[in-house]
Amino acid sequence: MSENGGPSMDLLRSEAMQLSQLIIPIDSAHLAITYLGDLGLIQFNDLNAGKSPFQRTYATQIKRCGELGRKLRYFKVQMSEAGLNPSERSGMGFDLNMDDLEVKLGEFEGELTEIVANGEKLQRGYNELVEYKLVLQKAGEFFHSALRKATAQQREEGSVHGGESSESPEAPLLEEQESNSEQVKLGFLTGLVPKGKSMAFEKMLFRVTRGNVLLRQYFVEQPVLDPASGEKVIKIVFAVFFSGERAKSKILKICDAFGANRYPFCEDLRKQAQMMTEVSARLSELKITIDAGISQRRNLLHNIGQHYEQWNLMVRREKSIYHTLNMLSIDVTKKCLVAEGWSPVFATQQIRDALQRATIDSSSQVGGIFQVLRTKESPPTYFRTNKFTSSFQDIVDAYGVAKYQEANPGVYTIITFPFLFAVMFGDWGHGICILLATLFLLIMERKFSNMKLGDIMEMTFGGRYVILMMALFSIYTGFIYNEFFSRPFEIFSRSAYDCRDPSCGDATSVGLIKVHDTYPFGVDPVWHGTRSELPFLNSLKMKMSILLGVAQMNLGIVMSFFNAKFFRNGINIWCQFVPQIIFLNSLFGYLSILIIIKWITGSKADLYHVMIYMFLGPTDDLDENQLFSGQKAIQLLLLLLAFVSVPWMLLPKPFLLKSQHNNRQHAQSYVTLTDESLQSEINHDSDAQEEFMFSEVFVHQLIHTIEFVLGAVSNTASYLRLWALSLAHSELSSVFYEKVLLLAWGYNNVIIRIVGLFVFICATVGVLLVMETLSAFLHALRLHWVEFQNKFYEGDGYKFNPFSFTLIANEDE
């Protein structure tokens with residue numbers, strides 16, 4: 001029995017489903033949906049599809065949950081800005097109801113909003129004071145420098161005209177000059193402008209005032225926080241000297257346009273020093289106040305973070321409950337809600353128990369009713385998987401979800417997918433590397449399951465059990481190929497062959513003699529490195545690819561037989577399965593038998609010649625290409641069966657379907673109608689059957705026949721990718737070993753050897769363990785989707801999507 005109380009998990013056929021109707025009293029509806037969400041075994045149908053979201057019964061409650069969700073998202077943003085993470089474990093259970101939670105979140109939001117607003121206001125004032133201090137420093141330096149220069153110049157002029165300057169007749173003239181200078185006294189503005197805008201700012205000032213300004217700029221080494229945006233910006237302190245109010249108004253507009261912050265500045269040195277002291281003191285006070293506010297905000301967010309996950313899950317659960325309740329219809333008495341949904345047959349008692357428990361816990365006077373409805377709708381597909389089988393099922397579902405109770409390719413994919421991958425990737429050294437990486441993912445499984453991973457890492461972690469099987473099968477096929485990073489080893493015994501004399505060391509297999517028993521498992525290591533290695537392995541892997549391909553395609557056709565038998569479709573058995581199995585095995589099944597016979601007998605027959613002249617010259621003598629007695633007669637028989645199976649696939653099925661359609665219509669004309677429901681049901685069936693179009697069925701069958709006949713050839717050839725990729729992987733591995741590692745090791749230099757080893761590791765990991773793994777994975781995926789599944793798998797169903805709190809908790813917000 002499974003943990004859900006149903007039968008043992010069966011992946012070959014999806015679970016038996018039923019359309020059920022639930023009648024739930026309104027006072028226990030919320031609790032009933034809650035318990036059904038905990039159970040997670042019913043998919044509700046929307047009975048209010050014609051209504052907009054605002055017209056539904058529980059629209060107000062959903063809006064309320066949405067507002068709570070907004071507050072929680074606001075808390076999460078604030079926690080993220082403060083560098084805090086919500087605690088995964090909370091000390092508080094679901095003791096709060098939604099009303100209490102709404103009040104509590106409102107209080108937290110009000111307090112946090114006030115703290116944040118005050119903090120932003122204080123920070124803005126602090127940033128302004130920092131800029132003001134910079135203006136006082138930089139502009140003060142300019143005025144100090146100008147004052148020193150003026151004083152020095154006056155001293156020089158005084159030393160030259162010392163006697164004349166003391167004469168009284170000149171005093172009125174000086175007073176007149178001073179009065180004139182007061183009338184043309186220059187005004188000035190100081191502030192900061194972003195460095196990126198400083199050049200444009202300067203050009204605009206000179207254009208607008210026609211050059212009648214004096215601009216001084218001072219670079220600030222460290223970026224400052226802009227009071228308006230709060231971002232770090234590199235700025236420049238400026239001082240603009242002008243004459244007249246008109247010029248001043250223009251300069252003020254330019255400052256506003258360029259985002260320049262202006263600050264007052266006094267020429268009096270004593271006032272400058274006093275302002276600097278006041279600004280520094282004010283900065284210290286604000287810093288203390290801001291730090292206190294940050295600490296208060298952090299403590300508040302820490303308290304919120306302690307319960308954030310549970311509050312968030314509670315709100316999401318509540319929102320999903322009301323969404324589900326909105327899918328239910330209200331009966332005419334407005335006292336009950338009516339629900340319809342799909343559920344597994346084994347979950348019937350569990351659903352009834354959940355309704356009964358909701359009735360008791362809500363103290364309802366009337367219990368919920370569960371009843372099964374009869375329907376001709378196609379049920380959803382539900383496979384109960386675990387964390388191991390779910391990855392393989394996802395591979396199948398990516399092609400298409402199985403039709404209800406259609407044979408599931410996922411059962412065979414668990415073995416065939418990693419095995420075909422390993423045929424292309426076979427190297428037990430590389431397999432061990434992938435195995436170690438996968439074991440790391442399995443050891444860290446619990447930690448990674450609760451972490452937010454990147455897209456590529458999340459995909460890799462999700463397929464960890466697929467990669468584990470791929471690694472194990474790669475080690476297995478690596479032992480068969482006898483390759484460890486392209487190097488052979490005498491693992492199971494000594495090689496069966498040895499050199500006849502020292503002269504056979506030129507790496508040819510001609511000079512080898514058998515001196516020991518046959519190597520017990522896999523390829524004899526003596527083949528590696530010989531001149532016969534490539535032709536031998538080419539022949540072996542090519543023939544092996546054909547055998548594996550024909551076997552898997554036969555499996556697909558056999559699965560179509562079991563599908564037809566399960567759905568009691570005799571036409572598909574006799575007009576589809578039988579001719580297909582005959583056609584495929586008359587040609588490529590026969591080729592597979594010839595390959596096995598040639599291996600057993602050691603014959604030198606040319607199989608290419610045999611297969612080509614089986615069509616071009618079926619009556620010609622085979623001569624040296626004959627592998628067994630009676631071969632010519634058998635080939636003629638198989639060729640005849642192959643030609644007969646093509647019209648067998650094409651012609652009978654459309655006519656038989658037409659005959660079935662006519663018989664049904666003829667039988668319905670004699671049915672006595674005693675019930676209105678039965679009459680409407682038959683009328684509905686007759687309407688559907690009137691849509692039968694013989695021409696469309698015939699064209700569809702013609703396309704299917706052509707596709708299968710051509711596909712039998714192309715799909716068999718497609719399996720040769722097993723040979724091609726296996727050879728490419730082996731040769732790449734050999735090149736990296738010989739041309740990188742051995743070449744570097746030939747130098748008596750430690751640095752060259754380290755560099756060579758580093759390049760070898762990078763090439764092995766980057767090319768062989770990453771790119772080749774992905775390539776072999778995609779090719780194995782294609783072989784399953786196109787060559788295997790199209791023989792029997794329709795994949796036009798839809799997934800069972802139950803209302804489940806477990807699924808809601810695992811979903812991203």
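Trainee: What makes E4 and E7 count as paired strands?
Mentor: Two strands pair if DSSP finds at least two bridges between them. Here 6 bridges join E4 to E7, with the strands running antiparallel, so the pair passes the rule. At one spot, Leu215 has Val240 in E7 as its bridge partner. The strands themselves are DSSP runs (E, at least two residues; helices are H or I, at least four), numbered from the N terminus.
Mentor: Before we go on, this is a predicted model: local features need pLDDT of at least 70, side-chain atom pairs count only at pLDDT 80 or more, and totals for chains, interfaces and linings use all residues. Residues are numbered from 1 along each chain as its sequence is written, and side-chain values use heavy atoms, leaving out hydrogens and water.

Trainee: Okay, why are E4 and E8 called edge strands?
Mentor: Start with the sheet, which is open and has 4 strands in the order E4-E7-E3-E8, paired antiparallel. Strand E4 (214-219) and strand E8 (261-263) each pair on one side only. On average, neighbouring strands here are turned by 25 degrees against each other, direction ignored.

Trainee: How many bridges join E3 to E7?
Mentor: There are 8 of them, again antiparallel. Gly187 stands opposite Phe242 in E7.

Trainee: And how many bridges back up the pairing of E3 with E8?
Mentor: Strand E3 (residues 187-194) and E8 share 3 bridges in the antiparallel sense. Tyr263 in E8 is the bridge partner of Thr190.

Trainee: Which helices pack on this sheet?
Mentor: Helix H6 (residues 198-208) does, touching E3, E4 and strand E7 (235-242). Its direction makes about 170 degrees with that of E4. Helix H7 (residues 245-257) packs on the sheet too, touching E3, E7 and E8, at about 165 degrees to the direction of E7. A touch here is a contact, meaning heavy atoms within 4.5 Å. Angles run from 0 to 180 degrees between N-to-C directions, using axes fitted to C-alpha atoms (for helices, over the stretch in contact).

Trainee: How do you know how enclosed E7 is?
Mentor: By burial: buried means under 20% relative accessible area, exposed over 50%, and partly exposed in between (1.4 Å probe, protein chains only). In E7, 8 of the 8 residues are buried, so the strand is largely enclosed by the rest of the structure. Both faces are covered, with Lys235, Val237, Ala239 and Phe241 buried on one side and Ile236, Phe238, Val240 and Phe242 on the other.

Trainee: What is the relation between H23 and H24 called, and why?
Mentor: The axes of helix H23 (residues 721-745) and helix H24 (residues 750-788) come within 9 Å and cross at roughly 175 degrees. Under 35 degrees is roughly parallel, over 145 roughly antiparallel, 65 to 115 roughly perpendicular, and the rest oblique. So H23 is roughly antiparallel to H24. Their contact has 18 nonpolar, 5 polar and 4 charged residues, where Ala, Val, Leu, Ile, Met, Phe, Trp, Tyr, Cys and Pro count as nonpolar, Asp, Glu, Lys and Arg as charged, and the others, Gly among them, as polar.

Trainee: What makes a set of residues a nonpolar core?
Mentor: Its members are buried Ala, Val, Leu, Ile, Met, Phe, Trp, Tyr and Cys residues joined through side-chain atoms within 4.5 Å. The largest one has 69 residues, of which Phe417, Phe583, Phe588, Leu594 and Leu722 touch the most other members. Helix H17 (residues 570-601) gives the largest share, 11 residues. Apart from this core lies another, of 55 residues, among them Ile42, Ile62, Ile115 and Ile808.

Trainee: Is Ser363 buried or exposed?
Mentor: Its relative accessibility is 59%, so Ser363 counts as exposed. Ser363 sits in the loop between helix H9 (348-361) and strand E11 (369-373).

Trainee: Why is Met327 called partly exposed?
Mentor: Its relative accessible area is 21%, so Met327 falls in the in-between class. Met327 lies in the loop between helix H8 (269-325) and strand E9 (329-330). Leaving aside residues up to four places away in sequence, Met327 touches Phe44, Asn45, Asp46, Leu47, Asn48 and Arg56.
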